[in-house]
Amino acid sequence: MIAALALPAFLTQPDVLFVLVAMIKIVVILFVVLTIVSYAVFAERKVAGHMQARTGPNRVGPLGLLQPLADVGKLFFKEEFTPDGANKVIYHIAPALAVIPALVTMSVIPFGGHPWLMVTDVNVGLLVFLAMSSIGVYGITLAGWSSNNKYALLGGLRSSAQMISYELAMGISTLPVLLFAGTLSLNGIVEQQAGFTKLLGVLPIPNWYVFTPFGLLAFGIFMITALAETNRAPFDLPEAEAELVAGFHTEYSSMKFGLFFLGEFANVLSICCIATTLFLGGWNGPWLPDSLKFLWFFAKLGVLVFFFIWVRWTYPRLRYDQLMNLGWKVLLPVSLLNILITALVIFWRGQSG
Amino acid sequence: MTLLFLAFAALLIGCALMVILHRSPVTSALFLVLTFCSLAGIYLLLQAEFLAMVQVIVYAGAIMVLFLFVIMYLNLKRDVEDGMPHVLRRYVGWAIGALLLVEGALYFGKHWALGASLPEPAPEVGNTAAIGQLLYSRYLFPFEITSVLLIVAILGAVLIGRGRVAPVTPREGGQP
């Protein structure tokens, strides 16, 4: 309050103050997210190394911890070129389009219980996430098209087909959570998952949706579709090196390639944040005092990101027809059935209680 | 609020104009995406958050991606001038445009007073639960009819897709 009094009168108007506070939060979260992303890349290389009985990067700084900085520096100093016959404007916009939606999603995620720990509590928070993930297709598709390269175009088309197919199953798999919570606000959904239930009267389990049968099924479907939405192995067909050279980013170099890399990991991070919020109880958890509960959020986030890396180095890539069959013939019907049964159960509970 | 409305409205009209004025189909499609996004912005200003987000998810995120997909698949670089003679097409365009302009002017002059451009948002409409309740009570019949219409469209698409494949298969049956 003392700080507010010292500010000029113009800055203390509620509207202006609101925008200022939001700006500060955005800058802080952007900084934190970008740091986490660069260390997620480092973690991926380390984990991959150990899974293949190597050590991974360990030369730059203690334990190789300065490797991300070195990588970014290298990317900035690489030669940047634009292919002949590329659609110049779209070619330059596409990398940004790959990053921005993931960062926008971060603005609705409640990192902790205090209002300072989320940018804004929109009452359609989940829809913002779905909207942004559907906008995310454009970056890759346009990059593939504008490069004027056959391999890039094929990669772009593959990715748009894949992302459209899996978006449906992903959106539908989140619906049982909505049915339970009765709200679209992510903060509201987290608050619904607070507290414990005694299983068989003895074992206390948290009220997270992943511990309900429907929530568990929905969580499984959500994680599979999340792998496909972020173009991660085993669903990384858009950039299958063996068939497509490198797919949609064949013609990109220097920091533009870096932006695609950043976009991929920012997407992984934002989708893991959403999974944590919807199914794993967000910042809810035992033992810690309320002011430190946000540590739970980051712990769960770390586990999910590790899961993504783990899967990538464990499973081989799917074939295109297998990918489409899995999406349309397995995941979509199962998630539709899941909604139906969840709705019936909630209806019966409402009737009896 | 008014400032934001003006900004979104200007963006909306500008992008809509670019959709019809630009020569390259892909760029036109991209401007259409921007048009939908600015329309979503206007919905947000009217406190219809659900509608705004669904606008982005359905139109910008799903329909336009499919449009782009088709345009890229056919690799249309420029719009092709064929079919109707160019001159005739231009005159017909002018005539229809003028007709629409007159019609619009008459309609808006009669029904809309300038000045009350922003309707007062009702406190509960725009809320997701309220939309759901209205859809499943007062507007149930139109809602169901729409879904039937969509199923008919899907069936039609499947039928057309099948019809094309069937005669081709026996002819190229010898190839692996």
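**Where the chains meet**

Start by showing both chains: 17 residues of chain A are in contact with 15 residues of chain B, contact meaning that the C-beta atoms of two residues, placed from the backbone, lie within 7 Å. Now pick out α5 (125-146) and α6 (150-173) of chain A, each of which supplies at least two residues of the side of chain A that touches chain B. The top contributor to that side is α5(A), with nine residues. Colour the side of chain A that touches chain B by class and you get 13 nonpolar, four polar and no charged residues. Here Ala, Val, Leu, Ile, Met, Phe, Trp, Tyr, Cys and Pro count as nonpolar, Asp, Glu, Lys and Arg as charged, and the others, Gly among them, as polar.

Before going on, some housekeeping. This is a predicted model, where local features need pLDDT of at least 70 and side-chain atom pairs count only at pLDDT 80 or more, while totals for chains, interfaces and linings use all residues. Residues are numbered from 1 along each chain as its sequence is written, and chains are lettered from A and ligands numbered from 1 in the order in which they are written.

**Into the core**

Next, select Ala275(A), Phe279(A) and Met53(B). Of the 108 residues in the largest nonpolar core, these touch the most other members. Such a core is a set of buried Ala, Val, Leu, Ile, Met, Phe, Trp, Tyr and Cys residues joined through C-beta atoms within 7 Å. A residue is buried if 20 or more other C-beta atoms lie within 10 Å of its own, exposed if 12 or fewer, and partly exposed in between. Helix α11 (residues 254-279) of chain A gives the most to this core, with 15 residues.

Which residues is Met53(B) in contact with, leaving aside its neighbours within four places in sequence? Zoom in and you'll find Val124(A), Leu127(A), Val128(A) and Ala131(A).

**Two domains of chain A**

Now colour chain A by domain: domain 1 is 1-74 and domain 2 is 78-352, with bounds from an automatic or database domain assignment. Their centres, taken over C-alpha atoms, are separated by 20 Å. Between them, 17 residues of domain 1 of chain A are in contact with 15 residues of domain 2 of chain A. On the domain 1 side, α2 (14-51) and α3 (67-77) of chain A each give two or more residues, and the largest share, 15 residues, comes from α2(A).

**Along a helix**

Most residues other than glycine have a negative phi. Last stop: Ala53(A), with a positive phi near 60 degrees, is in the loop between α2 and α3 of chain A. Is Ala53(A) buried or exposed? Ala53(A) counts as exposed, because it has 6 C-beta neighbours inside 10 Å.

Then hop to Asn231(A), in the loop between α9 and α10 (241-244) of chain A. Phi of Asn231(A) is also positive, near 60 degrees, but Asn231(A) is buried, with 25 other C-beta atoms within 10 Å.

Terms used: Helix = DSSP H or I, 4+ residues; strand = E, 2+ residues; numbered from the N terminus.
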